[in-house]
Amino acid sequence: MEIYLLDIENANINKELLKPKFKNRIEESNRFLNDRDKKSSLGVAYLLDKYLKIGEDDIYYNEFKKPYTKNIFFNVSHSGNYVTLVKDKEEVGIDIEFIDKSKVKLSNKIFTQSELDWINELDSDNRFFYLWVIKESVIKAIGKGLNVPLQTIDININENYALVENQKIYFRVIKIDKFYLSVASRHFIKDIDIKKEL
């Protein structure tokens, strides 16, 4: 499994080089009012071009809007100044989140009661985002997004898997600066190779 992490604040992304493969994405990014959203959108195109050697014409979407190609399993996520891409030999999901205390909203619509208890037990802000990135990466790995209610995902923190729709989905969480990043897959995740572009 390979993860590519791009710091969009320091990246020098040339729109003109990306234009032949990502014309629609560049046009869409120009409509964003927020500069960070523009950079994130371009960052995704940059990573797809550089590491997967694909353009927007190579990308298809399942009925739940999960992107895929004919030969490569991949997923993308962005938060704050980071855009991230994961590729693997099987279906995979990724999520990255900035640990922002103002966004912590505990809810039984997101977490099970045992997860809420675990969050409240100690260091709730970190634990909230730790579980949040797992759930996001899991629903992306199975390719159904928020069509799977988050509170139906039962996370086994000690064994690094989540049960969802009677399937085991394995995950790994990595802390990067003030961010949590989680990858998820149907197979046990042993080796992760992270390439970080600053």
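This is a predicted model: local features need pLDDT of at least 70, side-chain atom pairs count only at pLDDT 80 or more; totals for chains, interfaces and linings use all residues.
Visitor: What volume does the largest pocket have?
Guide: About 620 Å³. A pocket here is an open set of points on a 1 Å grid over the protein atoms alone, where a 1.4 Å probe fits, with protein on both sides within 12 Å along at least five of seven lines. Points are joined across faces, edges and corners, and the volume is the space filled by probe spheres set on them.

Visitor: Which residues are closest to its centre?
Guide: Arg 25, Tyr 61, Lys 65, Pro 67 and Val 76, out of 30 lining residues; lining means an atom within 4 Å of a point.

Visitor: Which elements give two or more residues to that lining?
Guide: Helix 2 (23-31), helix 3 (35-52), strand 4 (73-79) and helix 5 (124-141). Helices (H or I, at least four residues) and strands (E, at least two) are DSSP runs, numbered from the N terminus.

Visitor: Take helix 5. Is it mostly covered or exposed?
Guide: Mostly covered, with 17 of its 18 residues buried; buried is under 20% relative accessible area, exposed over 50%, partly exposed in between (1.4 Å probe, protein chains only).

Visitor: What span should helix 5 have?
Guide: At 1.5 Å a residue it should span 26 Å, and its end C-alpha atoms are 26 Å apart, which agrees. The expected span is 1.5 Å times one less than the number of residues.

Visitor: Asn 75, then. Buried or exposed?
Guide: Buried, at a relative accessible area of 3%. Asn 75 lies in strand 4.

Visitor: What does its side chain make a polar contact with?
Guide: The side chain of Lys 140, at 3.4 Å. A polar contact is a pair of N or O atoms within 3.5 Å; within protein, one must be able to donate a hydrogen and the other to accept it, and residues adjacent in sequence count only if both atoms are side-chain atoms.

Visitor: New topic: where is Asn 160?
Guide: In the loop between strand 7 (154-156) and strand 8 (161-164).

How values were computed: Residues are numbered from 1 along each chain as its sequence is written. Side-chain values use heavy atoms; hydrogens and water are left out.
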